[in-house]
Amino acid sequence: MKNNRVFVLGGTGFVGQHLLYRLSRAGIFCRVPTRHPERHRQLRLIPGCELCAISGWETAQLAAAMAGCSTLINLAGILNEVGGRTFDQTHVKLVETAIHAAIQAGVTRYLHLSALGANAESGLSDYLRSKGRGEALAFAAARQGLAVTSFRPSVIFGPGDSFFNRFARLLRLLPGPFPLACPNARFAPVYVGDVADAMLRCLDDPDTHGQIYELCGPRAFTLRELVIYAGERIGREAWVIDLNDRLSQLQAQLFQRLPGKPFTLDNYLTLQVESVCQHAGLKALGIVATAIDDIVPDYLA
Ligand SMILES: NC(=O)c1ccc[n+]([C@@H]2O[C@H](COP(=O)([O-])OP(=O)(O)OC[C@H]3O[C@@H](n4cnc5c(N)ncnc54)[C@H](OP(=O)(O)O)[C@@H]3O)[C@@H](O)[C@H]2O)c1
C-alpha cells in the first residue's frame, strides 16, 4: 500500500473505531488525534494505532500532529448541536482547517465522510447544508494537490451504533405505547464494516479520486419498520404510535429542550429527505452490501 500512514480525524467515534480495526488488519499505521487520550485509551490496543493528544483543532496543531502521514481521513461529525459544538464549526470550519493542515504537512490523499442528502444550497436542514458545505470544501482542496474521495452513507449500523441500540434501549425502558415521529422516513441502513471497506478500497485507487460514493445497505425500510425490527430482536413487541407531521414537529420542539437534545427540529427536517441511494456505491467498489439480519441480532441480543 502506498498510503499506509493515515491520520484519522474523528477516529474516536463509532465509525472510527471500526475503521481503525480494518486499517490495522490491512497493516496500515493510524494516528488518531484526541483532546482526551485517557477516555479513548482502548484504541491503543489496536496494533499500529497511535493516539495523539492535541490541545486544540487549529491548523498549526493539526499540521504538527499529521507529520509523516500520507492520508487524512475525516470522520468528524455531529447529529445535534450539543456540548458547545456547532454544525458550522464541525462540518465546515474543521474541514477547512484540517485541509490547510494536511497541505502544510505534505498529505496527498483525503477521504471525507459526508452523508446522504448533503447539499450546501438546497439541503433541508442545517445538518445537511453544513455537510454539503464541508464536502464542497473537500473537493475544492483538489486544486491544492489533495486527491479527494467522499462517501455519503445512509444510517450506519453495527456494534456500538447509536441507531438500533438507541431504539432497543428506549423500547426496554418504555414498554407501553411508543410515539414515533416521522414514521415513514426511509433509510437503507449500511453496515459499518462495509463503510470501512469502501474507504479501504479507495485509499490507493486513483480511479476513485474526485468521486462521491453513496453507501447503502441492500434494502430500504421505513423508520417504523426499523423500530419494530429492533423490538423483535430484543423480544419486545413495539407498540408504535405513528405521529403525523404536526405532532412530529411538536415532539421535536419538546425533545430539543431536553438534556442531550434527543430529537430536534433540525433532525425532523433531515428526516424529510429519503436516506436511500440513487447510485450503488458499494457495488461500484466491488463490495456486497451486508443485510441488517446478518449483524444486528448478534449485538442487540
Ligand atoms: N452514524 C451514522 O449513522 C452516520 C450516517 C451518515 C453519516 N455519518 C457521518 O459519519 C461520521 C462519523 O459518524 P459516527 O457515527 O462515527 O459519529 P460519532 O460516533 O459521534 O463520532 C464522531 C467523531 O467526530 C469527533 N468530533 C465531533 N465533533 C468534533 C469537533 N467539533 N471537533 C473535533 N472532533 C469532533 C468526535 O470526537 P470526540 O471523541 O471528541 O467526541 C468523534 O471522534 C460523521 O461525520 C457523521 O456525520 C454517520
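This is a predicted model: local features need pLDDT of at least 70, side-chain atom pairs count only at pLDDT 80 or more; totals for chains, interfaces and linings use all residues.
The protein chain is divided into domain 1 and domain 2, with the bounds tabulated here.

| Domain | Residues |
|---|---|
| domain 1 | 5-157 + 188-215 |
| domain 2 | 164-186 + 220-274 + 290-300 |

Between the C-alpha centres of domain 1 and domain 2 the distance is 27 Å. Contact between the two involves 15 residues of domain 1 and 15 residues of domain 2. On the side of domain 1 that touches domain 2, α4 (126-140) and α6 are the elements that give two or more residues. The largest share of that side, three residues, belongs to α4. By type, the residues on this side of domain 1 are nine nonpolar, four polar and two charged.

The ligand has 21 residues around it, and those that come nearest are Gly10, Gly13, Phe14, Val15 and Gly77. At least two residues of the shell come from α1 (14-25), and at least two from α3 (87-105). The shell consists of 13 nonpolar residues, seven polar ones and one charged.

Helix α1 has 12 residues, which at 1.5 Å a residue should span 16 Å; the end C-alpha atoms are 18 Å apart, so the two values agree. Its buried residues are Val15, Gly16, Gln17, His18, Leu19, Leu20 and Leu23. Val15 is also one of the residues that come nearest to the ligand. The cover over the buried residues of α1 includes the strands β1 (5-9), β2 (29-34), β3 (49-53), β5 (109-113) and β7 (156-157), together with helix α6 (192-203). After α1 comes Gly27, with a positive phi near 80°.

Conventions:
Residues are numbered from 1 along each chain as its sequence is written. A residue is near a molecule or strand if its C-beta atom, placed from the backbone, lies within 6 Å of it. Helices (H or I, at least four residues) and strands (E, at least two) are DSSP runs, numbered from the N terminus. Ala, Val, Leu, Ile, Met, Phe, Trp, Tyr, Cys and Pro count as nonpolar, Asp, Glu, Lys and Arg as charged, and the others, Gly among them, as polar. The expected span of a helix is 1.5 Å times one less than its number of residues. A residue is buried if 20 or more other C-beta atoms lie within 10 Å of its own, exposed if 12 or fewer, and partly exposed in between; C-beta atoms are placed from the backbone. Two residues are in contact if their C-beta atoms, placed from the backbone, lie within 7 Å. Domain bounds come from an automatic or database domain assignment.
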